[in-house]
Amino acid sequence: MASPVPVKEKKLMEVKLGELPGWILMRDFTPKGIAGAFQRGYYRYYNKYINVKKGGLAGISMVLAAYVLFNYYRSYKELKHERLRKYH
């Protein structure tokens with residue numbers, strides 16, 4: 001049974017595993033397409049967590065958590081080297 005919605009117009013969570021390779025190949029990987037994807041993601045995040053009438057700390061705490069994880073990932077090599085060093 002075929003889906004009434006074309007694979008190209010589906011969101012990632014609506015794509016079945018068998019349709020995934022075709023869905024990925026239909027994405028726009030040009031610089032303009034990638035910039036558009038980041039822009040859509042930013043606006044979706046902003047409208048869902050920041051631009052609300054009764055907001056909380058969820059939106060800002062997610063940004064801070066991502067910042068902390070990114071910096072930990074960036075400095076992991078130095079931290080690992082420091083952890084394995086013997087002090088005597």
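Which residues form a nonpolar patch on the surface, and about how much accessible area do they have together? The views below begin with this patch.

**View 1. The nonpolar surface patch of the predicted model.** Tyr42, Tyr43, Tyr46, Ile50, Ile60 and Leu64 make up the patch, and together they have about 600 Å² of accessible area. Patch members are residues with over 30% relative accessible area and no salt bridge, where nonpolar side chains (Val, Leu, Ile, Met, Phe, Trp, Tyr) are joined within 5 Å and like charges within 9 Å; accessible areas come from the Shrake-Rupley method with a 1.4 Å probe, and for residues only the protein chains shown count as cover. Helix 2 and helix 3 (58-74) each contribute at least two residues, with the largest share, four residues, coming from helix 2, while Ile60 has its place in helix 3. Helices are DSSP runs (H or I, at least four residues), as strands are (E, at least two), and they are numbered from the N terminus.

This is a predicted model, in which local features need pLDDT of at least 70 and side-chain atom pairs count only at pLDDT 80 or more, whereas totals for chains, interfaces and linings use all residues. Residues are numbered from 1 along each chain as its sequence is written, and side-chain values use heavy atoms, with hydrogens and water left out.

View 2. Arg44 lies in helix 2 (residues 31-50) and counts as exposed because its relative accessibility is 60%, where exposed means over 50%, buried under 20%, and partly exposed in between (1.4 Å probe, protein chains only).

**View 3. The salt bridge of Glu19 and Lys10.** The two side chains meet at 3.1 Å, N to O, and the count comes to one salt bridge under the rule that a side-chain nitrogen of Lys or Arg lies within 4 Å of a carboxyl oxygen of Asp or Glu. Glu19 is partly exposed at 23% relative accessible area, whereas Lys10 is buried at 9%.

**View 4. Helix 1 with Gly22 and Leu25.** Leu25 belongs to helix 1 (residues 20-25) and is exposed, at 73% relative accessible area. Gly22 is also found in helix 1, and its C-alpha atom is separated by 11 Å from that of Lys10, twelve residues apart along the chain.
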